[in-house]
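Entries follow in the order I took them.

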Amino acid sequence: MKFSTGAFAAATALPLLSGCVSVMPPGSGPAVIESLTVHNAKSRGGTSRTYRIARSVEADLGRRQYVDRFRFEGVTLPAALRGQTFIRTAFGDRGTAPGTSDFLSFRVPQSSIVYVGHDTRIRPKPDWLRTNFMDTGTQARIGSATLELYSNVYPSRATVTLGSNIPTGGNDRNSMYSVIVVPTVVGSKPPTAPSSARITCSTAAVVGLQWKPSADSTRIAGYRILRDSTVVGTTANTYFSDTSVSESTSYTYAISAFDSAGNTADSNPLQTLTAPASSDGDAPYCPSNVIVSMTWDWANGWTQANGSDLWSATWGSDGNVYAFFGDGGGFGGDNDRGRTSFGISMITGVPPPTSATVRNLYGGYNTEHPALLRGKASSIIAAGPDFYAIAGIYRRADLQSEYPHQPSGSPNHLEIAYSIGNAYSWQDSGWSFCGARSGRHAPTGTFCPQGFVNYGAGNAGAMDRYIYLYGMDAASYWGDGPSTPPSQTYLARVPNNKMATQSAYEYFTGMDSGGAPIWSSRTEQMQPVFSDRNADQAGCGRVCPMGAPIEEAVYVPALKRYIAVAQGNYAAQSSFYESPNPWGPWAVISYNNINATSGAGGWANLGIAAGESLGVHFVNAWTSPTGQTLWATYSSTGTAPAGALFPPGGTAMDSFNLLRVDLDLAAVD
């Protein structure tokens, strides 16, 4: 495990190594922990072991790091925490009283930073840790366990209360947390109160808060969000979304700024009444204050290529558009003429396409290159002259066992397919992100990718050297029953020259206290970047899943915004969001959902009759220079109902459908 001293100083809530915070020398002065109490009685499933206070971690290295373990376990810590006071907990208490918030408590005689080292394998994190502590972006090790370090600041004579190691329903196949206390020197003035605090939205699903930053003689360590006098979140940002609210409920909020000495200053109270829940679902985030609405040109839509579906698109380095199609003949073909499992078309010029500007490049009717791969791709991206796809590719083992006939659709696994130097030399990477065992829908793997973040031609203009992918967890992706809210989206990244290398992928695991994303190569540590808490409703023949994860996104440089498509089970459940970063914070541009009782409505008024979605994809090559006009392709498995806005009622949705959309921007003050 390597630690970057500079990164740690920048990432922690308190920059210990920068000299902005005065810290007591290790082992000097009075005791920094008093009145240690642990609720680990055997009646609660605990060990009843007495926890010990080590005045210096280094001084205790020759002893057991847990009070109930009888072997030496090495400790690796960031430099700023070496020599500080350490609570030796009991390993056997790792599963005691799940979901409780009062497992361990102690008093700090002087202002202190309290660090909790929490096993990275525990997901989700317990509520007490998630709401009261901030992720520092660094890790420690005890023995073979990797601990994620979280921090919070407490004033003199404060009581610190920590909850159980795991949340309700968590498992104990992990290590117990560790606690390190670092005293700070009191001397700074209290911060100013957060000003101009306001509620930006108040719905059945979310309450949004925003404020102006506080000032302090040293540095603001963070802000605590209090709802009805209870902390519901801790952040370094000047905004917060409370997604744990209930419909038609009154709440009182306050924002409390705190500094390195534990001094606090509260904003004026903010009162709100959340809206009633909608039968058509509720947007999971607040409305955008940048893009206020979308206007689709339903009257001038374009449809073609009946029988071919999906139509994800990317902007090639040569300036042309490359689009994937599956189980059809592509442009000019149909279900019989040129039928191809895995095909690529090229579109030149401006939209809408014409017979003179489209051609099938890999597979399809009158193709230039026969398709050799079989399967389907949900998203494609160009990286320089090379092309990559998120795909399910039929392999020899699939064709010999589960699919001995001529296959359509895709197998039960997801991987990267690639074509180097052109868009017609496709190969299978040979490994898979995730899958489902035949006949049992038992998922394998952890992260199931759905779509890329696309930038400019050949991915020019990307924010860094990585390619980003959105996806779901394997259990949700392959599940064959009703979904369990929230519907969550995860984010992965990979160097743009290592797309076909499985070990090169990293996964978003949260934000550090400085507001920077944290990445890990371990999928079990991944945290969602987007959550839709809409619960399933009765309807749709049995159950209507109402949540929708992000499918993919494009970056619009003129607006400095990522425009993302969130896609539910049905094409009508297509919603659109914006963010300044691929990981959020997200705001709603247009939220669309079906009426679960009638099965009608939703995006384009397609209802459930239009069938399951096969994707909505923005074509970034056709985005206007101002960023205010975009074009999107889409397809689905059904037929457009009477009253559909586009395509006309009765049109098979298993086709290339193209629409223009204009973004309506907020007025600039």
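Predicted model: local features only at pLDDT ≥ 70, side-chain atom pairs only at ≥ 80, totals over all residues.

**Entry: a salt bridge inside a helix**

I began with Asp127 and Arg130. They form a salt bridge, and the closest N and O atoms are 3.0 Å apart. Both residues sit in helix H2, residues 127–132. They are three residues apart, about one turn of the helix. Is Arg130 buried, exposed or partly exposed? Its relative accessibility is 48%, so Arg130 counts as partly exposed. Asp127 has a relative accessible area of 51%, so Asp127 is exposed.

**Entry: other salt bridges**

How many salt bridges does a search of the whole structure find? I got 17.

I looked up Asp327 next. Asp327 forms a salt bridge with Lys376, with 3.2 Å between the closest N and O atoms. This pair links distant parts of the chain, 49 residues apart. Asp327 belongs to strand E22 (residues 321–328), and Lys376 belongs to strand E25 (residues 375–383). Both Asp327 and Lys376 are buried.

Then I took Glu415 and Arg395. Their side chains meet in a salt bridge at 3.6 Å, N to O. Glu415 is in strand E27 (residues 413–419), while Arg395 is in the loop between strand E26 (386–393) and helix H3 (396–400), so the pair ties together parts 20 residues apart in sequence. Glu415 has 0% relative accessibility, so Glu415 counts as buried. Arg395 comes out at 22%, so Arg395 counts as partly exposed.

I also found a network of salt bridges. It links Arg123, Lys125 and Glu148.

**Entry: aromatic rings**

I searched the whole structure for aromatic pairs and got 39. I picked Trp431 and Tyr505 to look at. How far apart are the ring centres of Trp431 and Tyr505? They lie 5.8 Å apart, centre to centre. The planes make an angle of 70°, and the pair is edge-to-face. That label follows because planes over 60 degrees apart count as edge-to-face.

The two residues are 74 residues apart, so I logged their places too. Trp431 is in the loop between strand E28 (427–428) and strand E29 (434–437). Tyr505 is in the loop between strand E33 (487–495) and strand E34 (506–511). Trp431 has 11% relative accessibility, so Trp431 counts as buried. Tyr505 is at 1%, so Tyr505 is buried.

**Entry: charges over rings**

I checked Arg69 against Phe91. The charged end of Arg69 sits over the Phe91 ring, 3.9 Å from its centre. I checked Arg224 against Phe258 too. The charged end of Arg224 sits over the Phe258 ring, 3.9 Å from its centre.

**Entry: a sheet**

Last, I looked up an open sheet of three strands. What is the strand order? I wrote down E1-E5-E9, with antiparallel pairing. Strand E1 (34–38) and strand E9 (158–162) are the edge strands, and each pairs on one side only. From one strand to the next, the twist averages 15°.

I followed E1 to its partner. Three bridges join E1 to strand E5 (residues 104–108), and the two run antiparallel. Val38 has Leu104 as its bridge partner in E5.

Conventions:
Residues numbered from 1 in each chain as written. Heavy atoms only, no water. Pairing = 2+ DSSP bridges. Helix = DSSP H or I, 4+ residues; strand = E, 2+ residues; numbered from the N terminus. Axes fitted to C-alpha atoms, helices over the stretch in contact; angles between N-to-C directions. Phe/Tyr/Trp six-rings, centres within 6.5 Å; stacked < 30°, edge-to-face > 60°. Buried < 20%, exposed > 50% of the residue type's maximum accessible area, 1.4 Å probe, protein only. Lys NZ or Arg CZ within 6 Å of the ring centre and 35° of its normal. Salt bridge = Lys/Arg side-chain N within 4 Å of Asp/Glu carboxyl O.
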